[in-house]
Amino acid sequence: MVVEVTVKGYFEENNFFYIDDKTKHGFVIDPGAQGEELLNLIHKNGWVIEKVLLTHGHFDHTGAVEYLRKTLNIPVMAHRRSDEYLLDTRMNLSAYCGQNIVIENIEYLDDKDRILLSGNPETYLDVIYSPGHTTDSVIFYSAKDTVAFVGDTIFKGSIGNTQYPGGNGTELRRSIVEKAFSLPEETILCSGHSEQTTVGKEKYRYRFQ
């Protein structure tokens, strides 16, 4: 089960819960703001959140991380290069918005890692390294549910921004074509700042850009 919650901090951002229907165990992905509201939703539904997963280190995707990590006593996982952003308020852009958000002591992920859900190891997410928007961007993919959490790599009808530190247009397009578009066409793409779409629809649009 995928639950999308749009949170509002300095920007609006899509936070996702990936929950196993049988056990109610799951992950929270990119909790960008409103930690108390997210926690209330977790308690209301009786979910057991095992890990915080980050698609990349920009502050609009991490604003509620520390609140959830401390209140739920769970680890935070992100790509090995995420410290470049999580520890640097200029790289993660929070310094420019008066927030100065720093996330320390994460667990590192690498390309092709598999994140198993302890409550049900048959539910898992595969890590796909997808640099371009940032140097630490990843996609979390569930073959079981044909859904991919793509962060800011690709949106409905557009692609990620490359103007921020670490952005690279060539790498982003390669990540989209070689990584995102290699997934089955029916795969639902859940992004940080747009409505959900599918691989097939975005491949069709991309041909005409």
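A nonpolar core is a set of buried Ala, Val, Leu, Ile, Met, Phe, Trp, Tyr and Cys residues joined through side-chain atoms within 4.5 Å, where buried means under 20% relative accessible area with a 1.4 Å probe, protein chains only. The model here is predicted, with local features needing pLDDT of at least 70, side-chain atom pairs counting only at pLDDT 80 or more, and totals for chains, interfaces and linings using all residues. Residues are numbered from 1 along each chain as its sequence is written, and side-chain values use heavy atoms, leaving out hydrogens and water.

**Exercise 1.** Work out the order of the strands in the sheet and find its edges.

*Solution.* Six of them form an open, mixed sheet in the order S1-S2-S3-S4-S5-S6. Next, look for strands that pair on one side only: these are S1 (2-8) and S6 (107-109). Pairing requires at least two DSSP bridges. S1 and S2 (residues 12-19) are antiparallel over seven bridges, and Val3 stands opposite Phe17 in S2.

**Exercise 2.** Find the residues with the most contacts inside the largest nonpolar core, then trace the partners of Ile49.

*Solution.* The core has 26 residues, and Phe17, Trp47, Ile49, Val52 and Leu54 have the most contacts inside it. H1 gives the largest share, three residues. Now take Ile49: beyond four places in sequence, its contacts (heavy atoms within 4.5 Å) include Phe17, Ile42 and Leu72. Finally, a second, separate core of 17 residues includes Leu109 and Phe140.

Definitions and conventions:
Helix = DSSP H or I, 4+ residues; strand = E, 2+ residues; numbered from the N terminus. Buried < 20%, exposed > 50% of the residue type's maximum accessible area, 1.4 Å probe, protein only.
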